[in-house]
Amino acid sequence: MVSMALGSDRESRHVHVLIVGSGFSGLGMAIRLAQQGVRDYLVLERGNDVGGTWRDNTYPGAACDVPSQLYSYSFALNPDWSRSFSKQPEIQRYIQGVADRYGVRDKHIFDCEMTEARWDSDTAHWQVHTSKGTFTADILISAVGALCEPNLPDIKGINTFQGKVFHSARWDHEADLTGKRVAVIGTGASAIQIVPSIAPKVARLDLYQRTAPWLLPRNDRPYTSAERFVFEHVPGVQRLYRAGIYAAREAQVIGLAKFPPAMLVLETIARAKLRSQVRDSRLREKVTPNFRIGCKRMLVSNDYYPALGRDNVDVVTDGIAEIRAGSIVTTDGAEREVDAIVVATGFHVTDSPAYETITGRDGRTLAEVFEAEGQQGYKGSAIAGYPNLFFLLGPNVGLGHTSIVYMIESQIAYIADAVATIDRRGLRTVEVRKDVQDSFNRTLQGKLVRSVWNTGGCASWYLDKYGNNTTLWPDFTFRFRKLLEKFDVPAYETTTRSRDIEAGAESKVVAG
Ligand code: N01
């Protein structure tokens, strides 16, 4: 593995393309570059394996809330999914299997954390400092993902707690919660999977809810062996099935992005579920959301409400005032003793620490630019002021209704075409034009104005501190794909590598 070769000397190494992160996006990018004949590339991964969020989120009950048939690469369908909504271990095995099958693991440097990336205008290289030495690259691709940096709540006294306290994405498997008094803070997608999984074995579970989420039924079931046989052996069936799931989910865009009153259909289904699963009227009142469905991520679960109805589970809706050595005190003055705290409070999305590590052409970090101007990019894949830097899952690529892998593959095609264009035309730098980026964002924000995310009456991590939705794509996903079909050179300022070409140094792409 490359890490062995590098480990000892820590000297600077130059590559044509450097990818940072190897979750669904970085791994897919690596495979695509290899397929189009780019050999001089590396993937830096701070973890010890591929998988990204699916490697990190090992909490009890972790599973996908998008059907696996769609939540997988189009170029690596898996006829063997055991059920319609796969659990984390199966998804992680799938990602590992893809890495092995496409032979890209030896292009990875694991346990290698990027600490700084700085654009050097003189050499037209990115200088990338890592925990395993320094790299320079002609092209840098950030694939660090949006949901990777745990957001730890700033609650008074949390550091004085004497028991175990850990984030959902950093589950402490050494901590045995059996028979313990456990607090879970948060009621998002992670918490609603954790609560039913641990409730039967803990002595008491206090669920601290700030906002009640909307829940829809989870149509989860195991696939029969006959279905799996057909997926594997009857040509086209699996793709047709996948297309059906895609189309059904895409229909939700009408309500989410274009005509929010249409969300009433889903809200009616969610209300019926709430009524049938929560018989206790006091509990029902507590867990009834007060915003339009879809404004926050819609959650799917069949066992969350029943878990809340258990005798050993209490939903606490008073805010947390303080955490003490062995208890949590709420704003009403009540103090509840607790042995362990699970913090399921989400991630730094619009304020990711990763943005502080990337410095562009004018010496400003991405964090500084986003702070001053809001988080904006061009097609989620490039940002003005950051030449030769591409993003997977950059601004406004997120989704609330379907598989993010679809968006990732759209971006992979765009960035792969950018790399091919740079090589073919002998370009030294490409940098998206600020006027093009601004115009793109005016259109984007214009579309978002009427969306349920902006009008649904909730606060969410979709919005930045200026109230702009800088995380979600506001349209059908096939429109995103169409938009990113080809690398659009006119949208970029370019300079050429003419002297290098004359010297015959331009040989990055090897036909393959
Ligand atoms: O995080 P979240 P998550 N005090 O940000 C609450 C993806 N995902 O890890 O709603 C008290 O959604 C916060 O309250 P409020 C998916 O995209 C996918 O659950 O802000 N509470 C909220 O209830 C998802 O959207 C899968 O009022 C505090 C919760 O913590 C994303 O990951 C599975 C608080 C955070 O919810 C994140 O989900 C799991 C505080 N100080 C996750 N701060 C799939 O199945 C925050 N909260 C694919």
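This short report looks at helix α13, its packing against helix α2, and the buried residue Q238. The structure is a predicted model.

**Helix α13**

Let's start with α13, which covers residues 404-425 and so counts 22 residues. From its first C-alpha to its last it reaches 31 Å, close to the 32 Å expected at 1.5 Å a residue. Of its 22 residues, 18 are buried, so the rest of the structure largely encloses α13.

Both ends are worth a look. At the start of α13, S403 brings a side-chain oxygen to within 3.1 Å of the backbone nitrogen of V405. After α13 comes G426, which has a positive phi, near 65°.

**Packing with α2**

Helix α2 is made of residues 24-35, and it packs with α13 at an angle of about 40°, the axes being 9 Å apart. An angle between 35 and 65 degrees counts as oblique, so α2 is oblique to α13. The residues that make this contact are set out here:

| Helix | Residues in the contact |
|---|---|
| α2 | F24, S25, G28, M29, R32, L33 |
| α13 | V405, I408, I412, A413, I415, A416, V419 |

As you follow these residues in the model, recall that an α-helix has 3.6 residues a turn, so residues three or four places apart point the same way. The crossing of α2 past α13 is right-handed.

**Q238 in α7**

Elsewhere, Q238 belongs to helix α7, residues 237-250. Its relative accessible area is 6%, and Q238 is therefore buried, the cut-off being under 20%. Apart from its neighbours within four places in sequence, Q238 is in contact with Q69, L77, N78, P79 and F231.

How values were computed:
Residues numbered from 1 in each chain as written. Predicted model: local features only at pLDDT ≥ 70, side-chain atom pairs only at ≥ 80, totals over all residues. Heavy atoms only, no water. Helix = DSSP H or I, 4+ residues; strand = E, 2+ residues; numbered from the N terminus. Expected span 1.5 Å × (residues − 1). Buried < 20%, exposed > 50% of the residue type's maximum accessible area, 1.4 Å probe, protein only. Polar contact = N/O pair within 3.5 Å; in protein donor to acceptor, adjacent residues only side chain to side chain. Axes fitted to C-alpha atoms, helices over the stretch in contact; angles between N-to-C directions. Parallel < 35°, antiparallel > 145°, perpendicular 65-115°, else oblique. Left-handed = near helix turned anticlockwise from the far one by under 90°. Contact = heavy atoms within 4.5 Å.
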